[in-house]
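Thanks for making time this morning.

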Amino acid sequence: MPVQAGDSTRCRWLSSYNTVVKIGIVGLGFMGATHLAAYGKIADVEVGGIATRSELSLAEHLANAGGNLDRPATVFDFSGVRQYENWRELVLDPAYDVIDICLPTDLHSEIAITALAAGKHVLCEKPMALTSLDCDRMLEAADKHSRVLMIAHVLRFWPDFRVLEEFVRSQQGGQIRSAKFERSCGIPDWSGWLPVEARSGGAIVDLLVHDIDQVLMLFGLPEIITAVPVGDLDAINAEPVLKKHEATLKKICDDFAATGSFAARGSPERP
């Protein structure tokens, strides 16, 4: 299992390797390029292979990968990296210890399960999958093959959200009675698949999942959930209610509301 957020560049299983951990990245769009740049800052890790059909990415210049992060233009030397056009060839290659999945959400479960069955640890971009059934299948595969499966919920490792976690757990401001999470953005123009609900799950699954993960981490599983759609955009209002009970970590939230949407192209973001 991964260590605490403060030690996020290493995992407990890393100590079992006597040499550099070899990473194979599947997908080199926005998130693949972001992961690639991050690996360059981590000791004991080497990106040995990349599976992508993007000629631009393979041509070394990643500045046009797009995305909503303020990343500098990046040029990467692929001369020492094996390149695959088919993800399955990379995943089944015994040269890699870890497979990093940065492809559209509808492809996550098949690739992750294949990689885990091949004896690889897996880092998979969020959201985990499009259905709870696929999520369960991924977890079962990780358990069956005794491999690490980690979903890249990045907010858990951001300094701002770590401060929030400490604030909630310490009860510095007393018991929290309610919390409201809102998230919205314009239609992602760096990717053709994100606005397609059948591939991404829509804004609620792809975007609001950040806040859903935070709520579950901070307050635990809800007892009751009520949800209603908001307008004709891909948005929802949800009010999970958590029942307080005595435990090592008390449930300290009575209810919260959360919304998420992709605003129409060219329109202002929702407040």
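Which residues of the largest nonpolar core touch the most other members? This is a predicted model, and in it that core has 25 residues, of which Val-26, Ile-99, Val-122 and Met-138 are the ones that touch the most other members.

Leaving out residues up to four places away in sequence, Val-122 touches Ile-99 and Ile-101, then Ala-112, Ala-115 and Leu-116, and finally Val-148, Leu-149 and Met-150. Apart from this core lies another one, of 15 residues, which counts Leu-36, Tyr-39, Phe-78 and Ala-152 among them.

Now to α4 itself, residues 108–117, where eight of the 10 residues are buried, so the helix is largely enclosed by the rest of the structure. The buried ones include His-108 and Ser-109 as well as Ile-111 and Leu-116, and what covers the buried residues includes β1, α3, β4, β5 and α5. Just after α4, Gly-119 takes a positive phi of about 85 degrees.

Finally, a residue in a loop: His-153 sits between β6 and α6. With a relative accessible area of 14%, His-153 falls under the 20% cut-off and is therefore buried. Again leaving out residues up to four places away in sequence, His-153 touches Lys-126, Val-209 and Asp-213.

How values were computed. Residues are numbered from 1 along each chain as its sequence is written. This is a predicted model: local features need pLDDT of at least 70, side-chain atom pairs count only at pLDDT 80 or more; totals for chains, interfaces and linings use all residues. Side-chain values use heavy atoms; hydrogens and water are left out. Buried means under 20% relative accessible area, exposed over 50%, partly exposed in between (1.4 Å probe, protein chains only). Helices (H or I, at least four residues) and strands (E, at least two) are DSSP runs, numbered from the N terminus. Contact means heavy atoms within 4.5 Å. A nonpolar core is a set of buried Ala, Val, Leu, Ile, Met, Phe, Trp, Tyr and Cys residues joined through side-chain atoms within 4.5 Å.
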